[in-house]
Amino acid sequence: MERPPATYQVHGPSLRRHRMGQGRSVQAVAEAAGISRSYLQRLETGTRECMGPERYIRLRTVLNATDDQILAPTEDP
């Protein structure tokens, strides 16, 4: 069984586009995900990029998003 990563690196612009595409406010999404509005804003602007697994999964669930839609792209070696 594979363990989840210790942190997830989100892609702020993708996160914002996904939220706005649903017509949802920062406040509404933050409340539904159990995080602060300022934390979500820092993620969207790139001031903060990493999230712990529990917060990330709650945010992804609230946005009905996939990892491919909101995670930062990874570089293949």
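Predicted model: local features only at pLDDT ≥ 70, side-chain atom pairs only at ≥ 80, totals over all residues.
Contact here means heavy atoms within 4.5 Å.

**Helix α4**

In helix α4, which spans residues 53-63, the buried residues are Y56, L59, V62 and L63. These four cover an arc of only 130° around the axis, which puts them on the same side of α4. The buried residues of α4 pack against β1 (8-9), α1 (12-21), α2 (26-33), α3 (37-45), β2 (50-51) and α5 (67-70). After α4 comes N64, which has a positive phi near 50°.

**The nonpolar core**

The largest nonpolar core holds 18 residues, of which L15, I35, L40, L43, M51 and L59 touch the most other members. At least two residues of this core come from each of α2, α3 and α4. If neighbours within four places in sequence are left aside, L15 is in contact with L40, L43, E44, L59, L63 and I70.

**E44**

E44, a residue of helix α3, counts as buried because its relative accessibility is 4%. Not counting residues up to four places away in sequence, E44 touches G12, P13, L15, R16, R19 and V26. The side chain of E44 also makes the polar contacts tabulated below with the side chains of R16 and R19.

| Side-chain pair | Polar contact |
|---|---|
| E44 and R16 | 3.2 Å |
| E44 and R19 | 2.6 Å |

Methods: Residues numbered from 1 in each chain as written. Heavy atoms only, no water. Buried < 20%, exposed > 50% of the residue type's maximum accessible area, 1.4 Å probe, protein only. Arc of directions from axis to C-beta. Core = buried A, V, L, I, M, F, W, Y, C linked by side-chain atoms within 4.5 Å. Polar contact = N/O pair within 3.5 Å; in protein donor to acceptor, adjacent residues only side chain to side chain.
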